[in-house]
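Open the model in your viewer and keep the selection panel at hand.

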Amino acid sequence: MRIGIVILPDQRWSEAQRRWRQVEEWGFDHAWTYDHLGWRDLVDGPWFDSMGTLTAAATVTSRIRLGTLVASPNFRHPAAFARQITTVDDVSDGRLLLGLGAGGIGFDSAVLGGETLPPRQRVDRFAEFAELLDLILREDGTTWRGEWFAAVDARNNPGCVQQPRVPFVMAANGPRSMRLVTRFGQGWVTTGTGDDNDLESWWGSVSALSTRMDRALDEAGRDPATLDRYLSLDSAPVFSLGSAQFFADQVGRAADLGFTDVVTHWPRESSWYAGDENVLADVATRLLPELRG
């Protein structure tokens, strides 16, 4: 089991860099940040760009994998985004994990003045986004046209440090997006489903989604061992770092369902992921070696 953590891009670098250094020193396997122009009720507070943050994080770390959780087509074009991806992969010496998703509704989908797309069209757009991004990152001089995106002789020189390209960790809960994972993903990440506050119901949804992914891999003729499985623990109705023991229990449940990786969040003082940094430190120093073993 590999364990990662999200550090929201809501702190100036003078404060945030301490967190990125610390999670590497603690021995976390991967560290992530959100890729949004603004997020939920934090939109009026401090917020920084994900790729700039990851570039800075790469300069103050040397081992830990770094990633977006998750980038989307809401405000990104594959041709331009590919240049940012190759830059971060280069600066980090091949440590970038590229989390990708279809993009939800909210600030990111409204701030550029475009229409809010229904789920089916968002998945259509995601399919083009993933296909074109895959092409540009692997081949130099891509010309391609779809309904949502186009590229004319898009360049990728010098290409990614990781060959043939950086790993895609793709968010998917539905059948169509899961089929995209089987085509393009080196990893799959899920948040589970459910709108209620029942923890057991959420775990039931995670189990059902894991079974659905098994079926998608089987239908695609792909070996399940070739796909890493990531679970965002804090999509549950209870924050995973409520206590060290609760965190250990949640990691164990994820492992029982076949997940190879889990992701928690650096505790915040209030609002989303409100918690105690002392619990995080306890997990990292006392439990992390055992949980990863």
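Select H8 and H9: their crossing is right-handed (the near helix is turned clockwise from the far one by less than a right angle). H8 covers residues 244-256 and H9 covers residues 277-292. Their axes lie 9 Å apart, at an angle of about 40°. Axes here are lines fitted to C-alpha atoms over the stretch in contact, with angles from 0 to 180 degrees between N-to-C directions.

Next, show side chains. On H8, pick Ala244, Phe247, Ala248 and Val251. On H9, pick Val279, Asp282, Val283, Arg286, Leu287 and Leu291. These residues make the contact (heavy atoms within 4.5 Å). By class, the contact has 8 nonpolar, no polar and 2 charged residues; Asp and Arg count as charged, Ala, Val, Leu and Phe as nonpolar.

A note on the source: this is a predicted model, where local features need pLDDT of at least 70, side-chain atom pairs need 80 or more, and totals for chains, interfaces and linings use all residues. Numbering runs from 1 along each chain as its sequence is written, and side-chain values use heavy atoms, without hydrogens or water.

Now select the whole chain and colour by secondary structure. There are 9 helices and 10 strands (DSSP runs: H or I of at least four residues, E of at least two). The C-alpha trace spans about 50 × 45 × 35 Å along its principal axes.

Last, colour by accessibility. Buried residues make up 53% of the 293 (under 20% relative accessible area, 1.4 Å probe, protein chains only).

Note on methods. Buried means under 20% relative accessible area, exposed over 50%, partly exposed in between (1.4 Å probe, protein chains only).
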